[in-house]
Amino acid sequence: TTMSNNDETRYCHRFSYLVLKFILFSYSVLCFQLIGSMILAIGIYAEVERQRYKTLEGLFLAPALILILLGIVMFIVSLIGVLASLRDNLVFLKVFMYTLVVCLILELLGGILALVFRNQTVDILNKNIRRGIVNYYDDLDFKNIMDSVQTKFKCCGGQGFQDWSVNMYHNCSARGPLSCGVPYTCCITKSLEVANTLCGYKVLEQERLDLIDTIHIRGCTDAFFIWLTDNYKIMAGLLLGILLPQFFGVAISWLYITRVEDAISEYGHYTDGLLDSNAQGRHVKRQGRMAKWFMCMPEID
C-alpha cells in the first residue's frame with residue numbers, strides 16, 4: 001500500500017483488489033446488463049407484436065412475457081452487481097453472489113429432476129403441446145413456434161400426428177378442407193418443391209404406416225429428445241456456456257468479498273456511504289462526481 005499526503009492508506013493501490021474490482025464490474029455489465037437489456041427489448045417487441053394480433057389470453061401462449069420477466073430480473077441483478085463492485089458494499093456483494101448461487105442450484109436441480117422424472121416431463125410437454133394445438137389458429141406465437149419446430153425436427157404434433165385431431169378445424173367431425181388433416185409443416189416436401197398447404201388432407205383417417213411417404217409421423221417430443229442425443233456435443237457446449245459464466249461470477253464475487261472484508265479487518269470499521277449518506281465519524285475525502293460512485297477503498301474511521 002502507499003500513503004497519501006494526509007497519511008491515509010489507500011487500499012485500492014493493491015493490484016489484486018483493482019483487478020477483481022474491474023473483473024466483477026465488467027462481468028456485471030457484459031454478462032447481465034447488456035444481455036438482460038437485449039432480452040428485455042426482444043420481449044417487449046414480441047409482446048407489442050403479439051398484442052396486435054392476439055385473440056386469446058394465456059401465459060402458455062405468451063413466451064414474450066417470459067422474456068420480459070427474465071430481462072427485468074437480469075437487469076436488476078446486474079444493477080446490484082455494478083453498484084456492489086463500484087461502491088464495495090458488502091450487502092450488495094453478498095446479494096449478488098447468493099443470487100447467482102440460487103440460480104445455479106435451481107438450474108441444476110431442474111435438470112436433475114427432468115432427467116429423473118423423464119416420463120413425467122414428456123407427459124407434461126405433450127399435454128402443453130396439445131393445449132396449444134387446440135388454439136393453433138388463434139395465437140400467432142404458438143403457431144409460429146409449432147410450425148418452426150415441425151419443420152426443423154421433421155415431426156408432427158406432440159406425441160404424434162394424431163394430436164391434431166384436438167383442433168376444431170382439423171378434427172374429422174369438422175367441415176372444410178382442413179377436416180381430418182394436419183398443417184402443411186407436417187408434410188414431407190422436397191427442398192425446391194413449392195409447399196402444398198393441403199398436403200395433409202385426410203391423413204387422420206389413415207393408418208400410421210401408410211403415411212410414411214406423406215407426412216412426418218413421429219411426434220415432436222420424441223424427435224426433440226432424439227436430436228438432443230444425436231447432438232450431445234452441442235448440448236454439452238451449450239450447458240457449459242450457460243453454467244460456467246455463472247460459476248465464474250460466483251467465484252469472482254466471493255474473492256472480491258474476501259478482499260473487501262480483509263480491508264475492513266485491516267483498517268477498521270468501514271462504511272461505503274451508499275445506504276447511509278450521513279454516516280458520522282468518517283474522514284470523507286473531497287471527490288468529484290465520478291469518484292464518489294467509483295469508491296476507492298477504504299473510506300475509514
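Helices are DSSP runs of at least four residues, numbered from the N terminus. In this predicted model, the protein has eight helices and zero strands, and the pattern read along the sequence is α-α-α-α-α-α-α-α.

The mean pLDDT of the protein is 78, with 77% of the residues at 70 or more. Confidence is highest in helix 6 (residues 220-230), where the mean is 90, and lowest in helix 8 (residues 289-293), where the mean is 44. Two stretches fall below 50. Over residues 55-61 the pLDDT is below 50, and the model gives this stretch 17 contacts beyond near neighbours in sequence. Residues 271-301 also stay under 50, and for them the model has 62 contacts beyond four places in sequence. Where pLDDT is low, the predicted coordinates should not be read in detail.

Of the 301 residues in the protein, 38% are buried. The protein exposes about 18200 Å², of which carbon and sulfur atoms supply 65%. Among contacts between residues at least 6 apart in sequence, 69% join residues at least 24 apart.

The nonpolar patch lies on the surface and consists of Ile105, Leu108, Leu109, Ile112, Leu113, Val116, Phe117, Leu240, Leu244 and Phe247. Together these residues have about 940 Å² of accessible area. Helix 3 provides the largest share of the patch, six residues. Leucine 244 is located in helix 7. This leucine has a relative accessible area of 49% and is therefore partly exposed, given that the exposed class begins over 50%.

A search of the whole structure finds four salt bridges. In one of them, aspartate 88 pairs with lysine 21, and the closest N and O atoms are 2.9 Å apart. Aspartate 88 lies in the loop between helix 2 (63-87) and helix 3, whereas lysine 21 lies in helix 1 (residues 15-53), so the bridge ties together parts that are 67 residues apart in sequence. Both partners are buried: aspartate 88 has a relative accessible area of 1%, and lysine 21 has one of 2%.

Another salt bridge joins arginine 130 to aspartate 163, with 3.6 Å between the closest N and O atoms. Because arginine 130 is in helix 4 (residues 118-134) and aspartate 163 is in the loop between helix 5 and helix 6, this pair connects parts that are 33 residues apart in sequence. Arginine 130 is partly exposed at 24% relative accessibility, while aspartate 163 is buried at 8%. The two values fall on either side of the cut-off, since buried means under 20% relative accessible area. Leaving aside residues up to four places away in sequence, aspartate 163 touches Arg130, Ile133, Gly157 and Gly158.

The side chains of lysine 143 and aspartate 147 also meet in a salt bridge, at 3.2 Å from N to O. Both residues lie in helix 5, four residues apart, which is about one turn of the helix. Lysine 143 is partly exposed, with a relative accessible area of 21%, and aspartate 147 is buried, with 10%.

The structure holds eight aromatic pairs. One of these is formed by phenylalanine 153 and phenylalanine 224, an edge-to-face pair with 5.8 Å between the centres and 85° between the planes. This pair links distant parts of the chain, with phenylalanine 153 in the loop between helix 5 (140-152) and helix 6, and phenylalanine 224 in helix 6, 71 residues apart. Phenylalanine 224 is partly exposed, at 34% relative accessibility. Tyr136, Tyr137, Trp164 and Tyr169 form one aromatic cluster.

Proline 177 is also placed in the loop between helix 5 and helix 6. Beyond residues up to four places away in sequence, proline 177 touches Leu198 and Tyr201. Proline 177 and tyrosine 201 are 24 residues apart in sequence, and their C-alpha atoms are 7.1 Å apart in space.

Note on methods: Residues are numbered from 1 along each chain as its sequence is written. This is a predicted model: local features need pLDDT of at least 70, side-chain atom pairs count only at pLDDT 80 or more; totals for chains, interfaces and linings use all residues. Side-chain values use heavy atoms; hydrogens and water are left out. Patches are made of residues with over 30% relative accessible area and no salt bridge: like charges are joined within 9 Å, nonpolar side chains (Val, Leu, Ile, Met, Phe, Trp, Tyr) within 5 Å. Accessible areas come from the Shrake-Rupley method with a 1.4 Å probe; for residues, only the protein chains shown count as cover. Helices (H or I, at least four residues) and strands (E, at least two) are DSSP runs, numbered from the N terminus. Buried means under 20% relative accessible area, exposed over 50%, partly exposed in between (1.4 Å probe, protein chains only). pLDDT is the predictor's confidence in each residue, from 0 to 100. Contact means heavy atoms within 4.5 Å. Rings of Phe, Tyr and Trp (its six-membered ring) pair if their centres lie within 6.5 Å; planes under 30 degrees apart count as stacked, over 60 as edge-to-face and the rest as tilted.
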